[in-house]
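Please read the following walk through a protein chain with the sequence and the coordinates side by side. The account begins with the chain as a whole and then turns to its strands and its charged side chains.

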Amino acid sequence: MMWKLLLLLVLSAVALAVPFIEPPNRISRKMSERAAKGIWKSLGPGDAVCFDIDETLRKDNILLEFANWLGVGDFVQKVTNMPFSPTFTHADSMRLRLSIMNFTREQYNEFLQLHISTIKEKSSPGARDLITTLRNKGIDVYLVGGGFRENADNMGDFLGIPRDHTYSHDLVFDPAGRYKDLDVSGISDGQGNHGKSNLLRVLKAERQIDNLVMIGDSTIDMVACPPANLCIGFGRWNLDPRARAVADWYLMDMGELLRAL
C-alpha cells in the first residue's frame, strides 16, 4: 500500500503544480436544441450515428469495473478524478490507471466473461430499440468506445452492429501474459493522431457520410463537433456539467431520441 500512497502524493503535486484548463469547448458553435432536433429528425440513408459505450450504451465503465474486480477500485477512482494538464491525454490517463492495476491476461479474460454476462441488464434502456430503428431507416451506426476492443465488439454483437463498425483500444500483454501497454491506434486517423475527432474525420471522408452525429456522456465526445455535425450529450449514468454546457442537445433517456426520429 505504501507505493500507492507515494504515487498519489506525486500525482497530487503534479495536479496542483499545473493549472487545470477546461477542454476546448464549443459553446460559441453550439446550435439551438430546436435546430439539433431538426437535424436528428432528418437523418436517413447516407447519414451515420456514432455512440460512445461506457456510461452511454452501458451504465458502467469497464476500466473502473475491472479495477473494482481487482480490488484497487478506490485508488483508481481517485486517480480518475484528479485534474491534470491538458497535455495529459485520455490515453495517458488510461495507461497510468492500467499500470496501477498491474494485471494479467488471464485475469482480464476472467473479468471479461463476467462483464459480458451483464451486458443486457446493464445496457441503457431503449438503446437497443433506438439502434435497431436507426439501422432500419438506412442510417449507419458506429460504436466508438474509449475503453477496450473486446467491450466494443461484444456490445456491437449484442446490438447487431458489425465489427467493422466498432472502434476502441487494444490491450497489449508481454510474453509472460502481464499488461504491458495500451494500443490507441484503433481510435485514430491512421496517421498517429489519436482521438475520437480524428477517427470521425476519417470515417466521414472515407465512408462519404453526409450528416454525422456523436452521442456520448463526456466532453471527449462533445468536442468531436466538428467533424460531427451534431453532438448529443447523454447524462443518465454520468452527469457531466461540462459536457452538458457544450452539447447541442442534452438528455437522460434514449427513448427521447427514438421518439424524435
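Among contacts in the protein (heavy atoms within 4.5 Å) between residues at least 6 apart in sequence, 65% join residues at least 24 apart. This is a predicted model, in which local features need pLDDT of at least 70 and side-chain atom pairs count only at pLDDT 80 or more, whereas totals for chains, interfaces and linings use all residues. Residues are numbered from 1 along each chain as its sequence is written, and side-chain values use heavy atoms, with hydrogens and water left out. The secondary structure comes to 12 helices and seven strands, where helices (H or I, at least four residues) and strands (E, at least two) are DSSP runs numbered from the N terminus. Of the 261 residues of the protein, 51% count as buried, a term that stands for under 20% relative accessible area, with exposed meaning over 50% and partly exposed in between (1.4 Å probe, protein chains only).

Strands are taken to pair if DSSP finds at least two bridges between them. E1 and E2 run parallel and are joined by four bridges, and in this pairing alanine 48 has aspartate 140 of E2 as its bridge partner. E2 and E3 also run parallel, joined by three bridges, with leucine 143 partnered by threonine 166 in E3. Together E2, H8 and E3 make a right-handed β-α-β unit, right-handed meaning that, with the strands pointing away from the viewer, the path from the first strand over the helix to the second runs clockwise.

The loop between strand E1 (48-51) and helix H3 (62-70) holds aspartate 54. What is the nearest side chain of opposite charge to this buried residue? It is arginine 58, 5.6 Å away, and aspartate 54 has no salt bridge; in this count Lys and Arg are positive and Asp and Glu negative, while His and the chain ends are not counted. A salt bridge here requires a side-chain nitrogen of Lys or Arg within 4 Å of a carboxyl oxygen of Asp or Glu. The side chain of aspartate 54 does, however, reach the backbone nitrogen of isoleucine 62 at 3.2 Å. Leaving aside residues up to four places away in sequence, aspartate 54 touches Asp60, Asn61, Ile62, Gly147, Asn151 and Asp217.

By the salt-bridge rule the count comes to 11. One of these bridges joins the side chains of lysine 122 and aspartate 60 (3.6 Å, N to O). This pair links distant parts of the chain, 62 residues apart, since lysine 122 lies in the loop between helix H6 (105-117) and helix H7 (127-136) and aspartate 60 in the loop between E1 and H3. Aspartate 60 counts as buried because its relative accessibility is 6%.

Another salt bridge is formed by aspartate 153 and arginine 163, whose closest N and O atoms are 3.8 Å apart. Aspartate 153 belongs to helix H8 (residues 149-159) and arginine 163 to the loop between H8 and strand E3 (166-173). Aspartate 153 is buried, at 10% relative accessible area, whereas arginine 163, at 47%, counts as partly exposed.

Arginine 259 and aspartate 253 also meet through their side chains in a salt bridge (3.4 Å, N to O). Arginine 259 counts as exposed at 63% relative accessibility, and aspartate 253 as partly exposed at 27%. Salt bridges that share partners, finally, join Arg58, Asp60, Glu65 and Lys122 into one network.

Terms used: Polar contact = N/O pair within 3.5 Å; in protein donor to acceptor, adjacent residues only side chain to side chain.
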